[in-house]
Amino acid sequence: MTEELRDADGCEDYESLEESGLHDEAASAEQTEEEIPFEETDDGEPDMIEPDGVEKELADTKEKYMRLFAEFDNYRKRTAKEKSETYQDAVAKTVEELLPAVDSFERALAAPCTDEAYQTGMAKIYEQMVGLLKKLGVEEIPAMGEPFDPKVHNAIRQVEDENFGESTVCEVYQKGYTLGTHMIRCAMVAVAN
């Protein structure tokens, strides 16, 4: 270390450096020296930036930051929405593949059966499947006795029936289901005329 000190100002050691007063001047110069902003001029020499220029640069930087922040916030919201939609689409496709099995259980429960244990077992399995659909947020579309709505009902037959009003669903061949606002399957119905 004495080599470095000797090379810097020609003093032998730290005490000599302090006695010479060079140490105090260097320390105080470092403490009082302020950083002065500058920019290069055309001739390559540093030039002082005027306070108005610094404020303008700060305002430009702040504007760039705010734009970047807004872009990131929009990206975050868009990504969250896409993630939610992707999840709903996946659930809807899975439920759509399971619905034929639910339909088969409904037909099996409606069929006459002499074995009560078999009938009870089928009913319990069906209840589990319907409970699972409800847990996922899947809802059955009301159809029987409802006015015909082409958005949710698929009419495959027209029937002359005095017991029902005009354009009223009188038979349901296949239940329809929705998941929130997403249509999984329309109800297949007969409409009274």
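This is a predicted model: local features need pLDDT of at least 70, side-chain atom pairs count only at pLDDT 80 or more; totals for chains, interfaces and linings use all residues.
**Entry 1**

I then searched the whole structure for aromatic pairs and got two. In one of them, the ring centres of Phe-72 and Tyr-75 lie 6.5 Å apart and the planes stand at 35 degrees, so I logged the pair as tilted. The cut-offs behind that word are under 30 degrees for stacked and over 60 for edge-to-face. I also looked up the accessibility of Tyr-75: its relative accessible area is 46%, so Tyr-75 goes down as partly exposed.

How many salt bridges does the structure hold? I found seven.

I took Arg-185 and Asp-103 up next; their side chains meet in a salt bridge with an N to O distance of 2.9 Å. Arg-185 belongs to strand β7 (residues 182-185) and Asp-103 to helix α4, so this pair ties together parts 82 residues apart in sequence. Are the two partners buried or exposed? I have both Arg-185 and Asp-103 as buried.

Next I looked at Glu-106, which forms a salt bridge with Lys-175; their closest N and O atoms are 3.1 Å apart. This pair also links distant parts of the chain, with Glu-106 in helix α4 and Lys-175 in the loop between β5 and β6 (177-179), 69 residues apart. Lys-175 has 24% relative accessibility, so I list Lys-175 as partly exposed; the limit for buried is under 20%.

I also noted a network of salt bridges that links Asp-73, Arg-76 and Lys-77.

**Entry 1: the three-stranded sheet**

I turned to an open sheet of three strands, in the order β4-β8-β5 and with mixed pairing. Its edge strands are β4 (153-159) and β5 (168-174), each of which pairs on one side only. Neighbouring strands here are turned against each other by 35 degrees on average, with direction ignored.

Which way do β5 and β8 run relative to each other, parallel or antiparallel? I found them antiparallel, with five bridges joining β5 to β8 (residues 187-192). Within this part of the sheet, I saw Val-169 standing opposite Val-191 of β8.

I checked Arg-157 and Glu-171, whose side chains meet in a salt bridge at 3.8 Å, N to O. Arg-157 sits in strand β4 and Glu-171 in strand β5, so the pair ties together parts 14 residues apart in sequence. At 41% relative accessibility, Arg-157 counts as partly exposed. Glu-171, at 30%, also counts as partly exposed.

**Entry 2: Ser-167**

Last, I looked at the loop between β4 and β5, where Ser-167 is found. What is the phi of Ser-167 near? I read a value near 55 degrees, which is positive in a residue other than glycine. I noted this because most residues other than glycine have a negative phi.

Notes
Residues are numbered from 1 along each chain as its sequence is written. Side-chain values use heavy atoms; hydrogens and water are left out. Two strands pair if DSSP finds at least two bridges between them. Helices (H or I, at least four residues) and strands (E, at least two) are DSSP runs, numbered from the N terminus. Axes are lines fitted to C-alpha atoms, for helices over the stretch in contact, and angles run from 0 to 180 degrees between N-to-C directions. Rings of Phe, Tyr and Trp (its six-membered ring) pair if their centres lie within 6.5 Å; planes under 30 degrees apart count as stacked, over 60 as edge-to-face and the rest as tilted. Buried means under 20% relative accessible area, exposed over 50%, partly exposed in between (1.4 Å probe, protein chains only). A salt bridge is a side-chain nitrogen of Lys or Arg within 4 Å of a carboxyl oxygen of Asp or Glu.
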